[in-house]
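Hello,

Here is the structure I said I would pass on. Please look through it first, then read my notes below.

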Amino acid sequence: MNAPLLSHDFLRRLDRLRLASNEPARGHLKGLHRANRTGPGMEFADYRPYSPGDDLKSVDWRTYLRLGRLFVKLFVEEADLPIYIFLDTSASMGVGSPSKFEFGRRIAAALAHIGFVNMDRVSLIAVAEGIVRERSHLRGKNQSWPAFEFLQRLESGGNTSFEAAFKRYFAVPRAKGLIVVISDFLDPAGFEPGLRVLRNLRQDVLALQLISPSDFEPAGADSEVVLVDSEGNGESRHRITPALLRAYRQAFDAHCAAISAYCDRNGWGHVRAMTDAQIEALVLHALRKEGLLR
Amino acid sequence: MNFLALSPQAAYALLASVALLIVLMYWLRPRPLRVRVASNLIWRTLDMAQRPALDRWRWWFSLMLALATGLSIALALTRPQAPALGGIAQRVVLVLDNSPSMAARGEDRISRWEHALERARRIISSAGLASEVMVLDTLGRTDTPEWVSRETALAKLRGLAVRTSGVARMPLVPAGENIAAHLLTDGVAHLDVSPDMAVESVFAPADNIAITAFDAKSSLHDPTRYQALVQVFNASGRPKQVRLALTGENGFALERVLNLSAGATINQTLDVTDYADGVLRAEVRAQGDGFQLDDVAYGVVVPHRVKRVLLVTAGNRHLQASLGRLPGVALTVIKPVQIRPAADYDANVFDRFAPPERPARGALLFRPPPVTWLPAFGRTTTNPVITRWDQSHPLAVNVSWRGVHMQSAALAKLSAHDSQTDVVLASGASEGVLVAAGGAASRGITGARWIAVGFALDDSNFAMQPAFPVFLGSALAWLTAGAETLTHGLGYVEMPHANAKVTGLDGRPVAAVSVPGATVFDAVRPGVFTVASNAGTTQVVANVIDPQVSDVNRSRFAGESVAVTPTSGLPRFGFEPWVVLLALAVALLALEWLAYTRHRTV
């Protein structure tokens, strides 16, 4: 039996959180997120003239006494939020200690649990070159453990191709919701083709970029090394010098900045997370601070 | 290219091996560390920016640097010889003529020896840096011949000097293909020069006024008169006015001015009767004299007053007449019964008599009776014949014993003790001693000299011989002589006195070496040396007195001009090629380190 992804105490603390989306909820089931339509709800939205067939319980009698006409009170409908959590399970995620894959799996579990607590429909999709495995439309608090089990059975491997994975997943109509992409975004084709698919779908996206310390400083400093791509995309021979390392870090920062800029341009959330950080701190503080969790 | 440490084949094999080893090491160098990274995505962007396909060039650059470094070190180990670097190594033999004439100075006031040294230094400098040099001299004053480095050879040159004595001889010069032999000489000394040897002349004409003969002696006619004979030689190529000065102790001085034409010799006889006794110094001075060694000569003037001689005889007409006719002799004749011990005479002559005690002054005895202080002339023989005598003894000079006949004579038998201290002048056919002489400490008794003749004048024809007055004169001179005086040339003087002390004119000790039975010292300058030992005191007068030495312009190079020409082919660098190569290797290593740390090399 694998160790639990999240501690019980941490799960209890997650119960009080809710994922925030920039878009109104488009779910068809009752939930805790404001939808862009009126219907049963607690929050007043508007009045409209009574029409035959309307529920008399929704008639505002006070207005009738004052105006002598029948008006019906409209409320904002509270719907569930479809949450699509894409976890990158490519080989590159398995590099580092702790590995980005392990870290991402725990974040995915935490976000899924938050979704379940808030009666959201959570879909867990493991992607690499395509869809590796998926568990869609889970809803309800009792789905946490099946979701965790699903995540624990995942293994890292294969190449990365977000474009293929997203196109494949959204080839069938999906309700608009919140797309959480947990990845290192080291797609050989670049991060943009994949994210461009999501942008075209006009989805709300939260990009969680995971960074391992080894991504910053590979082993073999000041020596001749052959850097072997974990996804089999060739080798490159370098003498890791301070100057080269500096240039690499600058390039890596530029890579991260490009992702961040891309997300900002599209109004998406972007969080960079180091895998040697505490996941509790990331979820409870960093994501809340960014407004991604409430 | 030549290699000193290895044969050319071995050297090239070493270089090829090193090159091969380096190339193999580059090919077989440990594989770089393989590091698994998440993605090469970003590294590839760096590749495009920072590695413009220079890896191969860097590899070749590294290989070239390593090859250059390795080959430099390997080449240095072979000790290569390249004219462009340190010259060609060779073996150079330098023979320097250090005979006395090399001290002569020409018009430039630089001696031939100094010219030779300068020429020798240039030859050494022009040789390859790894050359070996053998320094020899014509008087054999250098150490054991050996091949030494250039620096050691220069140090050896500094230790060489012109000798004032000795006969110059060509030393044994090694021959070989790679041996260059040079003889630096003024051409005065006669040297057997090999045809392979390069003879370099350092001859320059020099003015020289020399004393070529000097003696001070009493007049034959009157021993109370003393004369100094000085021969002055003008070895210059031009006439000279010479100032001749004789000086002695107590302010004695005589001076003459002489005019000598070129090559002329003049004899001067000067009366030095007024100089009672002591060292007499002769010196010549002339303008521009370039050779000082022969400008001074020394002599010793012995006392030359009238000798008071006591003849003790019962009656000997021939002896009395002969003694009375000797010049400078005041004779007193007494009978044996009249003898008094305290009588003050310079010498005694005893005829058929001998005092029981050894006299305080010298004694000549004819047929002496047996006494303790003389060898025993006991065994009488008839008609003895003198077969041999010591012709080197002063008493035997100009005296022939061959015509002396005698009716009877007493032969002395010298003991071993006597043979050590006494001088045998003549001996008979029956192997006995007829005439003997003793020194100051003969037979263990200290006293004056003595001469004992084993026959009486009445029993022989010796008194009728023409040499008899000469013998008497020599005998009286020997008996009254002070310290023995020997004349000698410059150079090593061997005196037959063990553990003797040698002092110069100034009284300072002169370095001397005691050898078994003798003492040897080096008379490097003219002077008078006193050799004192238990056996007595001897004065050694050392002079040049050799026209061959003084004739410093008698050179085979006479008429040729001396010119110290700069030699060509001086080394370009001050170091041997292997040093340059090692320095290059160090520089290449530094370059490699810089390139490696700056990631220009792999």
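Start with the place where the two chains meet: the contact takes 32 residues from chain A and 19 residues from chain B. On the chain B side, strand S2 (33–37) and helix H2 (41–50) are the elements that give two or more residues. H2(B) gives the most to that side, with eight residues. By type, the residues on the chain B side are ten nonpolar, five polar and four charged. Bear in mind that this is a predicted model.

Strands also pair across the two chains. S2(B) and strand S8 (residues 224–229) of chain A pair in the parallel sense, over five bridges. Within that pairing, Val37(B) is the bridge partner of Asp229(A).

Next, chain A by itself. It has an open sheet of six strands in the order S5-S4-S3-S6-S7-S10, with mixed pairing. Strand S5 (131–138) and strand S10 (269–274) of chain A each have a single partner strand and stand at the edges, so one side of each is left without a neighbour in the sheet. On average, neighbouring strands of this sheet are turned by 15 degrees against each other, direction ignored.

Inside the sheet, strand S3 (residues 82–88) and strand S6 (residues 178–183) of chain A run parallel and are joined by five bridges. Tyr84(A) stands opposite Ile179(A) in S6(A). Helix H3 (residues 100–117) of chain A lies across S3, S4, S5, S6 and S7 of chain A, and runs at about 170 degrees to S3(A).

Regards

Key:
Residues numbered from 1 in each chain as written. Chains lettered and ligands numbered in written order. Predicted model: local features only at pLDDT ≥ 70, side-chain atom pairs only at ≥ 80, totals over all residues. Pairing = 2+ DSSP bridges. Helix = DSSP H or I, 4+ residues; strand = E, 2+ residues; numbered from the N terminus. Axes fitted to C-alpha atoms, helices over the stretch in contact; angles between N-to-C directions. Contact = placed C-beta atoms within 7 Å. Nonpolar A, V, L, I, M, F, W, Y, C, P; charged D, E, K, R; others polar.
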